[in-house]
Structure formats: C-alpha cells, structure tokens
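Take a look at the sequence and the model below.

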Amino acid sequence: MGVQKINEFHFRSCTLPLTFFQIPLNGNWHGILSIVPKLVEGGFSTEVRGHRRINSVTLLSTLFHNANLRSSVQAKDVKALLDKLTHTLTAFTQGEMDLKKKMLCEILHLIYGLYLSKSESIDWEGQMKTLLEQVRDKVPKNRNFHEVKRAFNKISVPLKIKVVTGSEKKRSVFTFGLL
C-alpha cells in the first residue's frame, strides 16, 4: 500500500473500507509514515468530502495510538497537524465552523493520541489546555452524545481540565407539601 492508495482514498471512486488503511497503521511498518502529510491535508481540507475527512482523522488517531509508530512521525508533520487542529478547534469554538459530533469525537481521540506521543512541539499546559477549555463549552451535554463526552473527558483528566458531566436535560424538582 502506498501514497497512491491514500490519494484514491480521498476521491469518490474509492470503495476500500477504512480498515484497509487502518491495519498497516496498527502494525510496526515505518513505511506507512509517508502517508501522514496526505492524511493531515485531507483531514482538515474543506475540499474533501465530510466522511473522508472524518476517516482521515480516524487514521491519524490510529497512528498516534500505536506505540510502535507514534514516536517515528516527523516533527514537521506533527507541527502541520497541530496547526490544522488548532485552526479547526479555534474556528469551532468561535462559531465560525460547525463540526459534526463524530468529527469532534475523532479530533478529541486524535488529541489524546498526540498526548500519548509526548511530542515536545505541543504546549500542553498553555495553548492546548486553553483551547480544550474553550471546546468544553461546545461539547454537547445531552445523553445522545455520550461518545463525545467520553472522548473529551479522556483527554481532560491528564490535563486537569474540568470534565463534562450530566446532561442538559432539566430535572424536575418535586416539592412535597406537609400538612
């Protein structure tokens, strides 16, 4: 598998399932790292179809959750990814961009994978923590989006950010009158 298949991945004509691309990312073959720039580009490009963007972010998340490969990703690719992530999340928190809940969930999984990579190019205590605190206000709190809450809480605990709990559903309060 090479860059040619990843190039096809972003086009409508590609019918290969996501797992076709995930399997090599779960292994220890370092040749697969050549696709990282293409995934970064496709994962955050508005010219790529929505579900393909989500799939690209999922593949990046798979890569950074793989202990065999995550430390081998080039610093320039991590920086490009961080720039795209920061831009996307900033636009999302400012209301300039609407993210599907699945995309937000995958981005949060990717951020956790980046946290696991211990990359020195990421300012976890400063920029990323501030950005995630802003994202916290946009995390849906109803019971239909528990995957997004779970993904946010997974990255918020090690960064000591207040976790998302409960739901927005207002609980009715019953008062009992005493005679």
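Predicted model: local features only at pLDDT ≥ 70, side-chain atom pairs only at ≥ 80, totals over all residues.

Residues are numbered from 1 along each chain as its sequence is written, and side-chain values use heavy atoms, leaving out hydrogens and water.

Start with the largest nonpolar core, which has 47 residues. Such a core is a set of buried Ala, Val, Leu, Ile, Met, Phe, Trp, Tyr and Cys residues joined through side-chain atoms within 4.5 Å. Buried means under 20% relative accessible area, with a 1.4 Å probe and protein chains only. Leu81, Ile107, Leu108, Leu110, Ile111, Leu114 and Leu132 touch the most other members. Helices H2 to H8 each supply at least two residues; helices are DSSP runs (H or I, at least four residues), numbered from the N terminus. H6 (101-117) gives the largest share, 9 residues.

Now pick out Ile111. Leaving aside residues up to four places away in sequence, Ile111 touches Leu85, Leu89, Trp124, Met128, Leu132 and Ile155. Contact here means heavy atoms within 4.5 Å.

Next, turn to H3 and H5. They pack at about 5°, with axes 10 Å apart. The axes are lines fitted to C-alpha atoms over the stretch in contact, and angles run from 0 to 180 degrees between N-to-C directions. H3 is therefore roughly parallel to H5, a label for angles under 35 degrees. Val36, Pro37 and Val40 of H3 meet Asp77, Ala80, Leu81 and Lys84 of H5.

Finish at H2. Its buried residues are Phe21, Gln22, Pro24 and Leu25. They fall within an arc of 165° seen down the axis of H2, so they line one face of the helix. That arc is taken from the directions from the helix axis to the C-beta atoms.

Note on methods. Buried < 20%, exposed > 50% of the residue type's maximum accessible area, 1.4 Å probe, protein only. Parallel < 35°, antiparallel > 145°, perpendicular 65-115°, else oblique.
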